[in-house]
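Colleague: I would like to go through this model with you. Could we take it topic by topic?

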Amino acid sequence: MTSLALAALCVQGCSAQPAKEKPASTSSASAAPFLGNRDYVLPDSPFTRDDTVVTATCGMGARYAAVTVRAWDPETWQPRAERTFPIPGDAAFTNYAGAKTVNSPLVDLCGMNPDNPSPYEVATLDYMAPRVRALFDLAFTRMAVVLRDPDNKADSHVGYVVSGAGLDDVVRLGGAAGADEQNAVMSPDGSSVWFTYTAEGGGKRIGSRPAEGSHHLSDEGPAAGHGLPLTVLGKPPRAVQADTVHLAPGGRRLTAKAPKVFGNVFDTWTSSGPLTSRSAHRATLLSGCVGVVGWTGDDRVLCRTSTGTFRIMDARTGRASGAPVSVVGPQDGTVAEGMLVSPDGERFLVAVHEPNARRSDDDYSYRRPDFRVVPTTGSGATTSVVNDLLDTYTMFLSWS
């Protein structure tokens with residue numbers, strides 16, 4: 001995808017902050033068991049109702065870029081509603097020569113091509129989908145962005161855009177000179193943006209800024225650099241810095257992946273920070289799992305395996321449960337990547353494509369997707385997902 005020179009956009013309502021901003025102390029951790037996002041009351045909309053799939057697609061024009069999210073009926077694959085989030089001209093939605101290289105899941109969604117790969121180490125769909133999901137609040141009303149400072153190419157700040165906003169309605173949450181804020185994601189209720197930042201002395205930290213009010217910086221805990229994304233979970237919110245983060249239905253365990261950490265499934269914890277051997281609790285290694293697609297129950301996880309098949313794993317023992325599910329044959333010349341598991345755990349969504357072809361612009365035919373709904377047990381019918389609004393750049397984010 002060629003980098004586009006987008007028009008500089010006006011910014012609404014936030015003044016620059018002092019050059020040496022001091023973070024406020026982090027909020028106290030909850031003493032109650034960490035039970036995920038179940039306590040949030042969401043507004044009724046097609047995006048928050050049961051049995052809904054939500055997708056995101058990045059669209060670009062000569063002077064305009066935007067993310068469109070759609071709510072789908074998973075039986076008919078007809079859209080129920082859509083929302084548009086305009087992308088500011090100085091937002092980091094692609095990395096290119098002459099611009100500050102920024103880690104943001106928005107680059108996964110909008111800016112990847114053979115010359116500008118993902119800013120993260122692994123770019124398979126089972127890694128990218130949870131990263132991109134974290135850009136939005138639970139109700140898909142706000143989207144977090146990282147903004148490159150047009151006056152200082154070494155600076156970056158976080159902000160957010162509201163669904164249906166005009167091009168000049170981006171909300172900037174920071175503006176201090178010398179700021180290095182990356183990996184912007186929304187809290188579950190959309191009340192704050194979380195990110196990694198460079199503190200005084202050069203250390204990396206996790207921070208948050210309220211979406212309303214003073215937008216002051218709160219320090220939330222240590223970070224493992226900018227190289228791993230964030231996912232914000234729970235009430236009160238806490239950030240997990242890791243890949244493939246999926247919260248179990250009961251909220252007490254999660255899947256995650258980080259370099260040099262042994263395991264795939266861990267107890268949730270009540271403080272923000274990176275997944276490390278120290279923060280990992282009751283780690284379970286899922287044998288042969290190279291990518292987690294999602295939970296099929298409170299103690300079962302669907303994995304993409306090292307052999308290219310999919311398999312349900314016992315989250316307590318790490319052992320496989322049931323037969324492997326083959327989506328493509330060894331001679332097909334294609335690969336299958338998992339994206340979402342249905343709420344009842346009986347089906348999952350996959351994308352089938354030629355190896356390394358998903359993000360190529362060399363052949364327009366690669367834009368025609370092959371999405372399928374597959375039974376997690378391997379028995380039953382596989383169905384195709386077909387709609388002209390879907391292409392190979394579509395990211396499947398949630399199935400509620």
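Predicted model: local features only at pLDDT ≥ 70, side-chain atom pairs only at ≥ 80, totals over all residues.

Colleague: How many disulfides does the count come to?

Modeller: The count comes to 2 disulfides. Cys58 and Cys110 form a disulfide with their sulfur atoms 2.1 Å apart, and Cys289 and Cys303 form a disulfide with sulfur atoms 2.2 Å apart.

Colleague: What is the pairing when the bonded cysteines are numbered in sequence order?

Modeller: In that numbering, the pairing is 1-2, 3-4.

Colleague: Is the link of Cys58 and Cys110 right-handed or left-handed?

Modeller: The link of Cys58 and Cys110 is right-handed, with 100° about the S-S bond. Because Cys58 lies in strand 1 (residues 53-60) and Cys110 in helix 1 (residues 105-110), this pair ties together parts that are 52 residues apart in sequence.

Colleague: And those two cysteines, why do they count as buried?

Modeller: The cut-off for buried is under 20% relative accessible area. Cys58 has a relative accessible area of 15%, so Cys58 is buried. Cys110 also counts as buried, because its relative accessibility is 1%.

Colleague: Why is the disulfide of Cys289 and Cys303 assigned its handedness?

Modeller: The torsion about the S-S bond of Cys289 and Cys303 is about -85°, and therefore that disulfide is left-handed. Cys289 belongs to strand 17 (residues 289-297) and Cys303 to strand 18 (residues 300-305), 14 residues apart. Both Cys289 and Cys303 are buried.

Colleague: Changing topic: which residues have the most contacts inside the largest nonpolar core?

Modeller: They are Val67, Ile87, Leu106, Phe136, Met143 and Leu349, in a core of 41 residues. Strand 2 (residues 65-72) supplies the largest share of this core, 5 residues. A second, separate core has 15 residues, including Val102, Ala184, Val193 and Phe195.

Colleague: What does Met143 touch, leaving out residues up to four places away in sequence?

Modeller: With those left out, Met143 touches Val67, Phe85, Ile87, Leu106, Leu135, Phe136, Gly159, Tyr160, Val161 and Met186.

Colleague: One last topic. Where is Val245, and is it buried or exposed?

Modeller: Val245 sits in strand 13 (residues 243-247). Its relative accessibility is 8%, so Val245 counts as buried.

Colleague: Which residues does Val245 touch, again not counting those up to four places away in sequence?

Modeller: Val245 touches Pro130, Thr231, Leu233, Val240, Thr255 and Ala256 on that basis. As for Val232, its C-alpha is 9.7 Å from that of Val245, and the two residues are 13 residues apart in sequence.

Notes. Residues numbered from 1 in each chain as written. Heavy atoms only, no water. Helix = DSSP H or I, 4+ residues; strand = E, 2+ residues; numbered from the N terminus. Buried < 20%, exposed > 50% of the residue type's maximum accessible area, 1.4 Å probe, protein only. Contact = heavy atoms within 4.5 Å. Core = buried A, V, L, I, M, F, W, Y, C linked by side-chain atoms within 4.5 Å. Disulfide = S-S within 2.5 Å.
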